[in-house]
Every structure is written in C-alpha cells, then in structure tokens.
Amino acid sequence: VSLMDTFAFPGGPSKLFCCKAGKGPEDDTDNGWQLYDPHQEYLRLGCNDKSPWEISALNMSYRLCATYPQVLVFPRDMTEKELTECARFRKKNRLITMSWCSPELNYASLWRCSQGTEGFGPFGKGRCPEDEKMLKSISRNQHLLVLDLRPYTTALACKAFGKGGMESANTQDVSMDVKFGNMHNIHHVRNGWRDMGAAVGAVRLGSASAEWWGSVASS
C-alpha cells in the first residue's frame, strides 16, 4: 500500500508516470482514435493465448457496462453469461475487470470494479456465485490485496442500504486482505469535475464574469 501511495503521489507532477514514460507519437494526426489501440495495449501487457486473462469484446456496444471501455479483459474461464451476471451484481454494472498484468511476474495483475450489491437482509441482492467465481479465478490460489478507497464506516453504511464491499463473508474461501483508503466524499471529485466543465463551457468570447469565478471556486 505504501508503494502505491508513493507512485500515486510522487512529490511533483514532473515525476508522474506520464512525464517519465517517454515521448508521444511522432505524427501530428488529428484523429485521436488512432493514437491508442486497447487491443494492442493488452497484447503488449501479455494478454495472449498463454495468459490466464482473455481480451473480450463483450462490451463493444456498451451493453455490458455503459461507463467502461469497449475492450476489456477478464479471467479466461469466465463465460459470457457469467460475466453478465457479474455486471448485474455490481453497482452501475462495473464488474471486475483487469487494468494491468505482468507475464514476468507470473501474470500478477491489477483489477478494478465498483462495490457489490449484496447488502444486509432484504436490502441487497444476496450472493452472486458468478462474482465469487471470478474472484477465485483472479486469485489463482494466491493471496489478494483489495484496496477500498472509502472509509470503513462508509463502506459498512453502504452495505446496510443494499450495497456492499469486498470484505463479504461469502468470499471467505478466497484469501484476501482488505485495506481502506479513507477517502471521504469520493464522489464529490466527480461532481467537482462536472461543475468545472460547466463553468468552462459558460465562458463567452474569452471573457470571465463574476459568476464564472464563483463557479470555479465551488467546483
């Protein structure tokens, strides 16, 4: 956890990965869609026929998750039906999907997802065997480190209202350690981004009114 904190907050913007990873493409194409090929990027990460992780086109029409990219990576042994059930189980259909892996480290990997909707009693949807299978597939009989960015009290309160977290007793057959990031009001970051976009969009002919400065201050 301390290493991830160091890389996430290196002490200055010039030390960020985007500033250290090398130069961008040499061409000056205006078509930004050609600057990044997610399929090729996942292949570069080692998601090939030998990998336990498989590149999926299940979200090409955004029918699996509207807020996820079209190209995703899942455990190879998960079926399309099982992935659909996993999406239904998690908030806004943001099922577990891979962000990074390393063949040099026996395909060690990083994954992301939203909270589950298991909840307590009648408020939640109950267990999701497909989601539990995915966790077991990701663990590959190894210990998992789970980072929940919310404070523990917030995660517990969400679970009481039909949501949940990775600390569920229903995943007790998967060895995992859950750490909480204690980031309060995490969704305010998204709301602030939207407010800033609205403020910038309200500028007319390059001039900024008093209302504009107020919108920026409140974003």
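W53 is buried, as is W111; buried denotes under 20% relative accessible area, exposed over 50% and partly exposed the range in between, with a 1.4 Å probe and protein chains only. The model is predicted, so local features need pLDDT of at least 70 and side-chain atom pairs pLDDT 80 or more, while totals for chains, interfaces and linings use all residues. Residues are numbered from 1 along each chain as its sequence is written, and side-chain values use heavy atoms, without hydrogens and water.

**Aromatic pairs**

- The count comes to 2 aromatic pairs, where rings of Phe, Tyr and Trp (its six-membered ring) pair if their centres lie within 6.5 Å, and planes under 30 degrees apart are stacked, over 60 edge-to-face and the rest tilted.
- W53 and W111 form an edge-to-face pair, at 5.0 Å centre to centre with 80 degrees between the planes.
- W53 belongs to strand β1 (residues 53-56) and W111 to strand β4 (residues 108-112), 58 residues apart; strands are DSSP runs of E with at least two residues, helices runs of H or I with at least four, numbered from the N terminus.
- Y152 and F180 are also edge-to-face, with 5.2 Å centre to centre and 80 degrees between the planes.
- Because Y152 lies in helix α6 (residues 152-160) and F180 in strand β6 (residues 176-180), this pair ties together parts 28 residues apart in sequence.

**Exposure of the second pair**

- Y152 is partly exposed, its relative accessible area being 43%.
- F180 is likewise partly exposed, at 23%.
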